[in-house]
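Here is a short tour of one structure, with a stop at a charged pair and another at a pair of helices. Have the 3D view ready as you read.

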Amino acid sequence: MENNTEVNEFRLLGLTDLPELQIPLFLTFTLVYLTTLLGNLGMVALILLDSHLHTPMYFFLSSLSLTDCIYSSAVTPRVMAGLLTGDKVISYGGCAAQMFFFVAFAIVDCLLLAVMAFDSHAAVCEPLHYTSTMTTSVCALMVTSCYVWGIVESAIHTGLTFSLFFCRCNVVHHFFCDIPPILALSCSDIYVNEIVLFISAALNVFFALMVVLTSYLFIAIAILRMHSAEGRKKAFSTCASHLTAVTIFYGTVIFMYLQPSSSHSMDNDQMASVFYTIVIPMLNPIVYSLRKKEVNSALKKAIEKMKTAFITSS
């Protein structure tokens with residue numbers, strides 16, 4: 001990609017310039033990031049190690065956890081380094097790379113939530129056909145499609161953004177290289193970029209929400225028809241966890257990307273971005289995954305195995 005810009009680096013304004021807040025924020029984000037890695041990678045490890053969790057639902061959960069780790073890692077370590085050292089300069093190529101990985105895996109996250117809603121629908125509404133519907137090859141195809149779509153779409157957005165001409169100041173009013181604040185620095189006509197961004201975000205969110213809402217409409221009908229109170233409780237618990245994750249994620253995406261550039265407030269955007277880039281990846285294992293009895297049981301078994309191994313080695 002040809003670089004037709006005079007800017008060879010960007011300066012991220014970060015979250016705050018107040019010296020007294022740098023260390024407290026660094027410690028906070030370090031704790032959140034370590035919790036994100038521990039929770040999500042721990043979830044992936046549990047699912048790989050426990051044969052009872054080798055089901056479509058947990059395959060999708062492991063994919064979501066891995067995706068959360070990657071897209072959080074595209075942003076959070078750079079924010080932590082800026083808070084610790086005060087160095088908020090990022091190279092032109094580094095900014096492009098950060099945007100590419102963040103956008104790609106944020107889109108994958110969005111689509112995986114829809115896939116998981118469809119999986120819940122298949123499990124609750126058609127339990128007798130579930131194993132024949134959600135085969136290993138079908139699950140692998142669904143996840144692969146999410147990753148391919150996210151990577152291709154991110155490549156388009158990143159390519160369009162960094163083919164623009166930048167001749168204004170290189171100060172990004174954000175704490176990472178997201179699309180809207182980078183577009184705001186361009187001297188080129190960004191009308192096409194804004195239209196492509198709006199249409200792609202709208203299509204992704206509309207498609208995902210249609211899958212989620214349709215799936216849960218049929219799930220709600222199925223739950224109301226259940227005669228077993230225990231069955232209704234189990235189905236509702238699973239759905240409530242997923243709907244919480246869906247509402248938090250899609251709500252912030254709609255707020256960030258489905259509004260005209262003239263309506264953007266950088267302060268509000270930063271608050272929303274902190275939530276969905278740093279906080280949500282930490283919450284997903286708690287809100288969605290760790291509430292499941294199978295995961296708690298697998299975690300207890302893993303802890304017992306580690307205790308036994310430690311005692312034996314001693």
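## How the helices are compared

Helix axes here are lines fitted to C-alpha atoms over the stretch in contact, and the angles between them run from 0 to 180 degrees between N-to-C directions. Please keep in mind that the model is a predicted one.

## Helices H2 and H4

Let's begin with helix H2, residues 56-73, and helix H4, residues 92-125: their axes come within 9 Å and cross at roughly 160°. Angles over 145 degrees count as roughly antiparallel, and H2 and H4 are therefore roughly antiparallel to each other. The crossing of H2 past H4 is left-handed.

Which residues make the contact? On the H2 side you will find Pro56, Met57, Phe60, Leu61, Ser63, Leu64, Thr67, Asp68, Ile70 and Tyr71. H4 brings Phe102, Phe105, Ala106, Val108, Asp109, Leu112, Leu113, Val115, Met116 and Asp119.

## The salt bridge

The model has a count of 1 salt bridge. Its partners are Lys88 and Asp17, whose closest N and O atoms lie 3.2 Å apart.

Asp17, at a relative accessible area of 55%, is exposed.

How values were computed:
Residues numbered from 1 in each chain as written. Predicted model: local features only at pLDDT ≥ 70, side-chain atom pairs only at ≥ 80, totals over all residues. Heavy atoms only, no water. Salt bridge = Lys/Arg side-chain N within 4 Å of Asp/Glu carboxyl O. Buried < 20%, exposed > 50% of the residue type's maximum accessible area, 1.4 Å probe, protein only. Helix = DSSP H or I, 4+ residues; strand = E, 2+ residues; numbered from the N terminus. Parallel < 35°, antiparallel > 145°, perpendicular 65-115°, else oblique. Left-handed = near helix turned anticlockwise from the far one by under 90°. Contact = heavy atoms within 4.5 Å.
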